[in-house]
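Here is a short briefing on a protein model.

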Amino acid sequence: GQQLNQSPQSMFIQEGEDVSMNCTSSSIFNTWLWYKQDPGEGPVLLIALYKAGELTSNGRLTAQFGITRKDSFLNISASIPSDVGIYFCAGRLTNTGNQFYFGTGTSLTVIP
Amino acid sequence: EPEVTQTPSHQVTQMGQEVILRCVPISNHLYFYWYRQILGQKVEFLVSFYNNEISEKSEIFDDQFSVERPDGSNFTLKIRSTKLEDSAMYFCASTADWSYEQYFGPGTRLTVT
């Protein structure tokens, strides 16, 4: 299967700080999704991206579809304790398929 | 807000037994998926289902797995003869026909002993 690498693997930050994480692959993707997963729960969709270069915001979250179409970025501004969780990227390879490949995840800890 | 639901939340079964995991996708969605997540690892695609047939499946989805939409609301995943390595969280997801935004259920934790 496709390998989507997320970095950093984990982050420990102070409340109020901004967060940046990314997702990279050797393959070209047509769609990127970003999810947040809390322990023992299903992934919750945060942002969807459909075009190279697209920049989309959802509240304090901003995600970008990389120009090369091989990567995507997620930023969280002014982090708060409830931002704690694991953030996954997911990419779709083709225009016809619905199979998404998930990244390895970035674990975020926010210290109050 | 509409959501995907899954039952049971936790299923314990003995190796070799059959299990059926159930999902109720969001009512106006037409694409349905099963994913699994082994503890501490990433989410892995198993299968997608549209118009009453499998549209894509991964190499994980072998002959031991099957999916069915027995009525207008439920979507099920059956594992015929469970193995220890089938222990994982199984997530159902669904999308509307015009979107690739997949919405996940809360998952079923399957423990095979």
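Chain A and chain B bury about 1800 Å² between them, with 54% of it on carbon and sulfur atoms. A:N98, A:Q99 and A:F102 supply 34% of the area that chain A buries against chain B, more than any other three residues. The model is predicted.

**The contact between the chains**

- Chain A brings 24 residues to the contact, and chain B brings 21 residues.
- There are 0 salt bridges between chain A and chain B.
- The polar contacts between chain A and chain B come to 4 residue pairs, with both residues at pLDDT 80 or more.

**The side of chain A that touches chain B**

- Four strands of chain A each supply at least two residues of this side: β4 (31-37), β5 (44-49), β9 (85-92) and β10 (100-102).
- β4(A) gives the largest share, 4 residues.
- By residue class, this side of chain A holds 9 nonpolar, 13 polar and 2 charged residues.

**An open sheet in chain A**

- In chain A, 5 strands form an open sheet with antiparallel pairing, in the order β1-β3-β8-β7-β6.
- From one strand to the next, the twist averages 15°.
- β6(A) pairs with strand β7 (residues 61-65) of chain A over 4 bridges, in the antiparallel sense.
- In this pairing, A:T56 stands opposite A:A63 in β7(A).

Notes:
Residues numbered from 1 in each chain as written. Chains lettered and ligands numbered in written order. Predicted model: local features only at pLDDT ≥ 70, side-chain atom pairs only at ≥ 80, totals over all residues. Heavy atoms only, no water. Contact = heavy atoms within 4.5 Å. Buried area = accessible area lost by both parts, 1.4 Å probe. Salt bridge = Lys/Arg side-chain N within 4 Å of Asp/Glu carboxyl O. Polar contact = N/O pair within 3.5 Å; in protein donor to acceptor, adjacent residues only side chain to side chain. Nonpolar A, V, L, I, M, F, W, Y, C, P; charged D, E, K, R; others polar. Pairing = 2+ DSSP bridges. Axes fitted to C-alpha atoms, helices over the stretch in contact; angles between N-to-C directions.
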